[in-house]
Amino acid sequence: MSHEPDDTFRHQQPHSIWRGINQSLKQDTVGGALLLGATVLALILANSPFAAFYESVRDVTFGPEALHLNLSVGSWAADGLLAIFFFVVGLELKEEFVAGKLRSPRTAILPIAAAIGGVAVPALIYVAVVSSVGGEALSGWAIPAATDIAFAVAVIAVVGRNLPPALRTFLLTLAVVDDLLAISIIAIFYTDDLQPFILLLAIVPLALFALAVQRGVRSIWILLPLGLVTWGLVHASGIHATVAGVLLGFVVPVIATRRARVEVGKDAAGEPVYEGLAAHFADKWSSVSSAIAVPIFAFFAAGVAVGGLTGLGEALGDPIAIGIIAGLVLGKAIGITGTTFLVTRLPGLAIDSTLKWIDIIGMAFVAGIGFTVSLLVGELSFGAGSESDDHVKVGVLAGSLIAAVIGGVILNIRNKHYTRMLPQKVLQEK
């Protein structure tokens, strides 16, 4: 047997190897698995003899105080790393509005309406549940309003391989609008002590970033400093720093121009094919977001000391946790399905012909997985480490799990139905 290295691997360029890793990390199941793994590890550590060590690492502070950046590790994860996640969200939002499903009002109206219903109804249910308590509890109204796209799409990827593609497209478009609504809620309702002058200063590096990308600049040595300064000023202004990520994503051009474009291959005639910088940056940064930013945030955000069955029972008995669970499980399902049904009563509007209403119901339950942004809003509502925030974590985890199980079961049954139909479809096509 020859011991010579394999020629295929030996001549493979480093960027080709990275491309394979990059594609794997962008797989729905891989992103969901990393997020789930980080969450489970955080829960194990927080309820083990290593709890004190876990909390000490999460609470250690570093950073320049003069710039209001002497933050804990947990805060750096929430304010800093999640900005990467929201930067990718901003890129995807702009792509959808400029060249995607949201460009056409007729195509976009159903998922937009569904997203609005999926935000409003959970919030109303939460308020109804905690109204007897009132006070501080009401500030968490937006916690069950968010959908965690990484987990939601991962569930569909695992249990619904043969579901109609239109269902995944509907969920993705809905989630994009959901993210936009969540960002708006954070910027408007969870901003304390707004500093208008500092916020105006943030426009300067943001404008320079926009000018650079419009001219086709892709150098990380130019764009990253401008992005960091924008992020720092937005953070100092009192608006949550993740909003800076969205703003930076919004200014990146979607359409390929002579200056701002990236060659991605050749067409059949051998002519170069280009894509805009938004798609290019989304491709580059989505793996960083799914493999590093979101899992690390989840690791430091999800670790809650349950305190055994007694502590778990007390947490689940808190109206805050009950409101979150009801909002995620019932609110999302009722809001998304009900709004979609009402809108389709209008002339000329209907769900995709390949879908049935039971598919929409299953997807709506899956959209009740509200993890990343829900935990973030919980921290903004009650303060990281507070007793209410611990109950928020229990409510978010329990509600997301229940919604995932119900939605997963429904879609798994539907997936089996569509799988049985595949041979018939193949015969019809022949």
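Q: What makes up the accessible surface of the chain, and how much of it belongs to carbon and sulfur atoms?
A: In this predicted model, the accessible surface of the chain is about 20700 Å². Carbon and sulfur atoms hold 67% of that area.

Q: Why is the radius of gyration of the chain said to agree with a compact globule?
A: The rule is 2.2 Å times the number of residues to the power 0.38. For 430 residues a compact globule would have a radius near 22 Å, and the chain has 23 Å, so the two agree. The C-alpha trace spans about 70 × 60 × 60 Å along its principal axes.

Q: What share of the 430 residues is buried?
A: Buried residues come to 48% of the chain. The cut-off for the word is under 20% relative accessible area.

Q: Why is Gly 395 counted as buried?
A: Buried means under 20% relative accessible area. Gly 395 has a relative accessibility of 0%, and therefore counts as buried. This glycine is part of helix α18, residues 387-429.

Q: Which residues does Gly 395 touch, not counting those up to four places away in sequence?
A: Gly 395 touches Ala 321, Ile 324, Ile 325 and Leu 328. Contact requires heavy atoms within 4.5 Å.

Q: What makes helix α17 mostly covered?
A: Of the 11 residues in α17 (residues 372-382), 10 are buried. Among them are Thr 372, Ser 374, Glu 379 and Ser 381, along with Val 373 and Phe 382. Just after α17, Gly 383 has a positive phi of about 90°.

Q: What is called the largest nonpolar core, and which residues have the most contacts inside it?
A: A nonpolar core joins buried residues of the nonpolar kinds through side-chain atoms within 4.5 Å. The largest such set has 80 residues, and Phe 86, Ile 324, Phe 371 and Val 373 have the most contacts inside it. Helix α8 (residues 165-189) gives the largest share of this core, 11 residues. Another core, of 19 residues, lies apart from it and includes Ala 212, Leu 223, Val 251 and Ala 282.

Q: Which residues are in contact with Phe 371, leaving aside its neighbours within four places in sequence?
A: The partners of Phe 371 include Leu 35, Asp 148, Phe 151, Ala 298, Ala 302, Val 396 and Leu 397.

Key:
Residues are numbered from 1 along each chain as its sequence is written. Side-chain values use heavy atoms; hydrogens and water are left out. Buried means under 20% relative accessible area, exposed over 50%, partly exposed in between (1.4 Å probe, protein chains only). Accessible areas come from the Shrake-Rupley method with a 1.4 Å probe; for residues, only the protein chains shown count as cover. Helices (H or I, at least four residues) and strands (E, at least two) are DSSP runs, numbered from the N terminus.
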